[in-house]
Amino acid sequence: MLQKSYSTAPGVTMTVLNSDGATFPLDSLNIVWRNNTNSRVLFGEWFEIQGKEHGQWKELPIDEKYMDNGRCEIVFSMVAYILKAASSCNDIVKPWFYGKNLNRGVYRLVKTFNFDNSERQDTAYVEFELK
């Protein structure tokens with residue numbers, strides 16, 4: 001499956017390196033961030049995976065064992081990775097907390113980022129398929 005990568009800010013994209021070999025069960029996704037702008041990009045560990053149902057993107061539910069009275073017990077470290085202007089870097093996403101809710105199908109990885117010296121938050125997406 002060909003990937004589709006896009007973001008709310010031109011020049012910043014993600015690519016899934018192992019998308020051809022992405023099979024169920026999914027242990028991790030190897031991501032390459034590309035910054036084709038003149039500014040530094042900052043991104044963190046937070047991510048979300050959405051599934052495509054009837055042409056619409058839906059947030060996947062967190063596995064019940066990581067929920068407590070309707071509240072998610074998952075915590076992401078508050079860290080900022082810096083991606084220099086006109087460069088790329090690797091990132092690994094491990095979607096363990098989706099558990100049995102991540103099956104064969106079409107998905108997209110969602111990650112937020114900021115440009116250096118900007119308070120505005122943008123979002124990068126990459127679509128992939130689990131076989």
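Guide: Let us begin with a side chain that meets the backbone: the side chain of Tyr107 reaches the backbone oxygen of Asn103 at 2.6 Å. A polar contact is a pair of N or O atoms within 3.5 Å; within protein, one must be able to donate a hydrogen and the other to accept it, and residues adjacent in sequence count only if both atoms are side-chain atoms. Please note that this is a predicted model, in which local features need pLDDT of at least 70 and side-chain atom pairs count only at pLDDT 80 or more, while totals for chains, interfaces and linings use all residues. Residues are numbered from 1 along each chain as its sequence is written, and side-chain values use heavy atoms, with hydrogens and water left out.

Visitor: In which strand is the place of Tyr107, and is Tyr107 buried or exposed?

Guide: Tyr107 has its place in strand β11; strands (E, at least two residues) and helices (H or I, at least four) are DSSP runs, numbered from the N terminus. Buried means under 20% relative accessible area, exposed over 50%, and partly exposed in between, with a 1.4 Å probe and protein chains only. Tyr107 has a relative accessible area of 5%, so Tyr107 is buried. The C-alpha atoms of Tyr107 and Ile49 are separated by 6.7 Å, although these residues are 58 residues apart along the chain. Contact means heavy atoms within 4.5 Å; leaving aside neighbours within four places in sequence, the contacts of Tyr107 include Ile49, Trp57 and Glu127.

Visitor: Which side chain of opposite charge is nearest to Glu127?

Guide: The general idea is that side chains of opposite charge can pair when their charged atoms come close. Lys and Arg count as positive and Asp and Glu as negative, whereas His and the chain ends are not counted. A salt bridge is a side-chain nitrogen of Lys or Arg within 4 Å of a carboxyl oxygen of Asp or Glu. For Glu127, the nearest side chain of opposite charge is Lys4, 4.6 Å away, and Glu127 is buried yet has no salt bridge. Glu127 is in strand β12, and its side chain makes a polar contact with the side chain of Tyr6 at 2.9 Å.

Visitor: How many salt bridges does the structure hold?

Guide: The structure holds 3 salt bridges. In one of them, Arg40 pairs with Asp116, the closest N and O atoms being 2.8 Å apart. Arg40 lies in the loop between β3 (29–35) and β4 (41–43) and Asp116 in the loop between β11 (105–115) and β12 (121–130), so this pair ties together parts that are 76 residues apart in sequence. Another joins Asp91 and Lys111, with the closest N and O atoms 3.4 Å apart. Asp91, at 13% relative accessibility, counts as buried, and so does Lys111, at 1%. Asp122 and Arg120 also meet in a salt bridge, at 2.4 Å from N to O.

Visitor: How is a pair of aromatic rings described?

Guide: Such a pair is described by the distance of the centres and the angle of the planes. Rings of Phe, Tyr and Trp (its six-membered ring) pair if their centres lie within 6.5 Å; planes under 30 degrees apart count as stacked, over 60 as edge-to-face and the rest as tilted. This structure holds 11 aromatic pairs. The rings of Phe97 and Tyr98 have centres 4.7 Å apart and planes at 40°, so this pair is tilted. Elsewhere, Trp33, Phe43, Tyr81, Phe113 and Phe115 form one aromatic cluster.
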